[in-house]
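Here is a short briefing on one protein model.

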Amino acid sequence: MHLKEQRVEVIVVGAGLGGLATAKTYLELAPQTDLLILEGRSAVGGVWAQNSYEDLRTNNLYGTYEFSDFPLDPRKYDVRPEAHIPGHVLKQYFSDFADHFDLRRRVRFNTHVHTIAKVDGYWKVQAQTIDERDETLYTCNKLIMCTGLSSTPNSISIPGQKDFGKPILNHTRLGIEGASLACDPAVKSVTVIGASKYGYDAVYMMASHGKRVEWINRKSGGGAVLMALPWVWFGRWRVKLEGLTTTRFVTWFSPCIWGSCDGFGWLRRLLHGTALGRWLVRSFWDKMTADVAEVNGYRKVDALKHLEPDEGLFWTGRVGILSYPQHIYDFVRSGQVTVSRKDISHLSEQGTVHFTDRTSLKTDALIAITGWDLAPTVTYEPRGLDISLGVPTRDMSDEQSFWDRFDRAADEEILTQFPALRHQPKAKVPFKPGVSPFRFYRGIAPPQLTAEGDHSIAFMKMINGPSNALLVEAQALWTYAYLNDKIPVDRPNVYYQTALTSRFGKHRYPCGFGSWYPETVFDAMPYVDMLLMDLGINRWRKASWIREAFEEYSIHDYRGINREWREVQQQKRNAAPLP
């Protein structure tokens with residue numbers, strides 16, 4: 001196999017939501033840039049590109065999951081107001097976005113990046129086509145990693161699976177193979193392991209096609225994800241649940257290390273720094289959790305009891321929306337779907353699933369929700385580069401020894417500022433990835449290189465939350481400014497600020513994955529405020545203080561931020577004294 005070489009100015013790895021936003025923003029602000037996108041799949045759109053299956057819909061309602069300057073037009077796409085967006089629509093939408101902004105010609109599809117090295121001030125990116133026919137060594141000045149948190153599934157590892165004799169799928173194969181199972185008349189029963197949102201999707205797919213489903217919520221796991229209806233009653237008002245997560249009034253009740261960036265730090269100090277305020281906060285979250293449990297009927301219907309999350313809404317970033325055409329709990333109430341809280345010990349011949357309580361069942365197929373592997377699929381060279389970049393590594397001893405003093409100081413500040421976080425719940429995390437946490441300055445930049453003044457690489461979309469569209473456009477602009485040395489950085493405090501971001505997740509969302517990467521369920525607004533403050537553009541986007549406090553934010557409120565930032569830069573140049 002011949003190794004080709006190619007020199008480009010900027011490489012973007014990944015053509016999902018984050019990669020598309022990054023490439024479009026970079027080229028809008030620097031149109032002459034020689035920019036190349038490397039994508040492992042055969043289409044743009046990330047996880048929406050190839051795993052679209054029947055009844056797959058976004059958690060987001062129409063109008064909140066799109067780019068600010070490329071509307072998801074209902075005259076063109078199969079979308080309806082106040083409805084969730086079908087997966088096949090998003091796949092087409094992302095494809096159209098790439099064409100509209102002339103990005104497709106810059107994408108190298110079916111290209112897997114396997115090695116990244118820093119050599120003589122340049123980034124060397126080695127990639128191979130999926131068919132392994134071509135190997136290319138790319139050299140670039142700037143590198144933007146947009147692989148996200150949902151790229152590589154964990155493998156299925158259950159004793160006896162080789163002898164099982166029945167189909168075994170993970171959640172990434174619900175597309176063609178899952179649809180085939182659902183439509184196969186020979187498949188009468190299916191066992192689904194896992195009660196995450198993907199678990200709900202798998203159960204709904206099989207149950208809606210008439211299959212009997214045994215739904216296993218692992219006793220040793222983190223429990224079921226918190227699922228809610230898309231519309232909730234907030235006092236006398238019917239509001240979108242996702243809208244609550246971007247309404248400033250609601251976000252004030254979330255202890256957030258970036259909270260003061262929204263300009264309401266005094267109010268946050270009253271709520272989280274006083275006994276009365278903490279009582280109000282606790283009452284608020286208890287009411288929200290109780291309302292979800294009441295509406296879903298967890299405590300009314302015995303068949304649903306194993307689907308109630310182990311802890312309340314306050315402590316988890318694992319939140320999903322019931323976006324199905326028919327209510328999935330109807331299948332549970334009818335007995336077609338049976339939910340159990342137990343652990344699997346092993347599998348055996350003829351489709352037998354054995355449990356640790358010595359019971360067993362026979363099934364025609366098994367679907368395991370394995371979650372995502374947080375360890376990089378890329379090899380970073382030389383050895384230790386991954387630690388200096390802040391990406392997860394399995395060599396945790398060296399990584400942790402460096403961060404110990406920063407982590408201890410960050411823990412003290414977080415727990416002093418938010419005493420309620422000292423009282424952690426007993427619930428378990430869903431699983432432990434076995435790697436060190438992501439450690440990025442502002443959730444984007446590698447701390448060591450940033451502290452050294454090297455702004456040549458950034459990591460996009462390594463933050464989780466329901467407000468993805470809103471997050472990526474702010475991150476994309478910040479990334480462009482950072483890579484071009486237009487972001488003011490307090491270098492002596494870079495490591496400490498990075499530790500604050502990393503440790504905050506551990507204390508704030510212990511029942512999710514906050515120990516490994518930032519989760520921003522109710523913290524997206526102050527996070528975006530922080531990025532916009534760095535950029536020097538207006539973070540308050542509403543027409544009045546009343547609307548600022550009580551009206552939800554959406555991606556449309558941030559339309560034009562690239563132009564605004566460019567104008568600010570022009571004003572700075574005009575105001576600069578002549579040499």
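This is a predicted model: local features need pLDDT of at least 70, side-chain atom pairs count only at pLDDT 80 or more; totals for chains, interfaces and linings use all residues.

The structure holds four cavities of 30 Å³ or more, and a search of the whole structure gives 30 salt bridges.

**Helix α14**

- Helix α14 covers residues 468-483.
- Burial is complete along α14: 16 of its 16 residues are buried.
- Just past α14, Asp485 adopts a positive phi of about 60°.
- α14 also supplies three residues to the lining of the largest cavity, the largest share.

**Largest cavity**

- The volume of the largest cavity is about 100 Å³.
- Its lining has 14 residues, and those closest to the centre are Thr64, Glu242, Thr246, Ser467 and Tyr553.
- Two helices, α6 (241-244) and α14 (468-483), each give at least two residues to this lining.
- By class, the lining of the largest cavity splits into seven polar, five nonpolar and two charged residues.

**Second largest cavity**

- The second largest cavity has a volume of about 80 Å³.
- Its lining consists of 13 residues.
- Nearest the centre of the second largest cavity lie Gly222, Ala224, Pro309, Thr316 and Cys511.
- Six nonpolar, four charged and three polar residues make up this lining.

**Salt bridge Glu548–Arg248**

- The side chains of Glu548 and Arg248 form a salt bridge, with an N to O distance of 2.7 Å.
- The two residues come from distant parts of the chain, 300 residues apart: Glu548 sits in helix α17 (residues 545-550) and Arg248 in helix α7 (residues 248-251).
- Are Glu548 and Arg248 buried or exposed? Glu548 is buried, and Arg248 is buried too.

**Salt bridge Lys342–Asp357**

- Lys342 and Asp357 pair through their side chains at 3.5 Å, N to O.
- This bridge joins two loops, with its partners 15 residues apart.
- Lys342 is in the loop between β18 (337-340) and β19 (344-348). Asp357 is in the loop between β20 (352-355) and β21 (360-362).
- Lys342 has a relative accessible area of 18%, so it counts as buried under the 20% cut-off.
- Asp357 has a relative accessible area of 41%; this value falls between 20% and 50%, so Asp357 is partly exposed.

- In the salt bridge of Asp557 with Lys542, the closest N and O atoms are 3.1 Å apart.
- Asp557 lies in the loop between α17 and α18 (561-575), while Lys542 lies in the loop between α16 (524-535) and α17, so the bridge ties together parts 15 residues apart in sequence.
- Asp557 and Lys542 are both buried.
- Which residues do salt bridges with shared partners join into one network with Lys542 and Asp557? Arg547 and Glu551 complete that network.

How values were computed:
Residues are numbered from 1 along each chain as its sequence is written. Side-chain values use heavy atoms; hydrogens and water are left out. On a 1 Å grid over the protein atoms alone, a cavity is a set of points where a 1.4 Å probe fits but cannot get out, and a pocket is an open set with protein on both sides within 12 Å along at least five of seven lines; lining residues have an atom within 4 Å of a point. Grid points are joined across faces, edges and corners, and a volume is the space filled by probe spheres set on the points. Helices (H or I, at least four residues) and strands (E, at least two) are DSSP runs, numbered from the N terminus. Ala, Val, Leu, Ile, Met, Phe, Trp, Tyr, Cys and Pro count as nonpolar, Asp, Glu, Lys and Arg as charged, and the others, Gly among them, as polar. Buried means under 20% relative accessible area, exposed over 50%, partly exposed in between (1.4 Å probe, protein chains only). A salt bridge is a side-chain nitrogen of Lys or Arg within 4 Å of a carboxyl oxygen of Asp or Glu.
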